[in-house]
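Subject: A structure for you to explore

Hello,

Keep the viewer open while you read, and look up each residue as it comes along.

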Amino acid sequence: MSDSVAADAEGKAGEAAAPPPFEPVRVVPTRPDGWPDWLGRRPISSVDRDRILKDLSADQEELDAAKRRDGLRLAPLFSSVTIEGFGGQGDPRKVARLRAAINAACRVAAGDRRTSYHATDERITIGIAGPDARERIAVLRQQLAKIGGSRGWTIIEDLN
């Protein structure tokens, strides 16, 4: 091999042996118990852990008791109306339209109040919650009287 070829071979070998670009190495410190210390804090003792858990559970029980007390005091009134007499209808499309009209009247009467709805083939029960539930049920009853005037429905109110 000539001197120029040997020099070229050395240059190529030097280029190939160049170190890779610098990549930072992340070293995670370890705690005295051998686990990684991701947050850089000292481990909590079992006595401190028990004290904190006891304080948290006492606070939670106190909050739960206050929430139950306030919930009972501020529980909304709940009134409902039951419509009976759907079984005599022969046309299912007509029954579906009547139920849709009843649902629309319920939504209008309830507004943004919480409602409950239970329907069977024979009856529909609609409930409205809130301090003004009785007034809203009265409005709903008026709307239902317009919808089912001559259909022979029985409308029963349960005002609490």
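One term first: a contact means heavy atoms within 4.5 Å. Please also keep in mind that this is a predicted model, in which local features need pLDDT of at least 70 and side-chain atom pairs count only at pLDDT 80 or more, while totals for chains, interfaces and linings use all residues. Residues are numbered from 1 along each chain as its sequence is written, and side-chain values use heavy atoms, with hydrogens and water left out.

**The overall plan**

The protein chain has four helices and four strands. Here helices (H or I, at least four residues) and strands (E, at least two) are DSSP runs, numbered from the N terminus. In sequence order the pattern reads α-α-β-α-β-β-α-β.

How much of the protein chain is buried? Of its 160 residues, 18% count as buried. Buried means under 20% relative accessible area, exposed means over 50%, and partly exposed is in between (1.4 Å probe, protein chains only). The protein chain exposes about 12,200 Å², and carbon and sulfur atoms supply 55% of that. Accessible areas come from the Shrake-Rupley method with a 1.4 Å probe, and for residues only the protein chains shown count as cover. As for contacts between residues at least 6 apart in sequence, 61% join residues at least 24 apart.

**Helix α3**

α3 has 19 residues and reaches 27 Å from its first C-alpha to its last, close to the 27 Å expected at 1.5 Å a residue. The expected span of a helix is 1.5 Å times one less than its number of residues. Which residues of α3 are buried? They are Val-95, Leu-98, Arg-99, Ile-102, Ala-105, Cys-106, Ala-109 and Ala-110. These residues lie on the same side of α3, because they cover an arc of only 125° around the axis. The arc is that of the directions from the helix axis to the C-beta atoms. An α-helix has 3.6 residues a turn, so residues three or four places apart point the same way.

The buried residues of α3 pack against β1, β2 (115–119), β3 and α4. On the face turned away from the buried side you will find the exposed residues Arg-93, Arg-97, Arg-107 and Val-108. After α3 comes Gly-111, with a positive phi near 65°.

**Helix α4**

Now try helix α4 (residues 133–147). Ala-133, Arg-136, Ile-137, Leu-140 and Leu-144 are buried in α4. They cover an arc of only 100° around the axis, which puts them on the same side of α4. What do the buried residues of α4 pack against? Their partners are β1 (78–84), α3 (92–110), β3 (123–129) and β4 (154–158). Gln-142 and Lys-146, on the other side of α4, are exposed.

**Salt bridges**

Side chains of opposite charge can pair when their charged atoms come close. A salt bridge is a side-chain nitrogen of Lys or Arg within 4 Å of a carboxyl oxygen of Asp or Glu, and the structure holds six of them.

One of them joins Asp-48 and Arg-51 (4.0 Å, N to O). Both lie in helix α2, three residues apart, about one turn of the helix. Asp-48 counts as partly exposed at 23% relative accessibility, and Arg-51 counts as partly exposed at 46%.

Another pairs Asp-112 with Arg-113 (3.1 Å, N to O). Asp-112 is exposed, with a relative accessible area of 65%, whereas Arg-113 is partly exposed at 27%.

Glu-157 forms a salt bridge with Arg-141, their closest N and O atoms being 3.2 Å apart. Glu-157 lies in strand β4 and Arg-141 in helix α4, so this pair ties together parts that are 16 residues apart in sequence. Relative accessibility is 30% for Glu-157, which counts as partly exposed, and 33% for Arg-141, also partly exposed. Elsewhere, salt bridges that share partners join Asp-112, Arg-113, Asp-132 and Arg-136 into one network.

Enjoy looking around, and write back with your questions!
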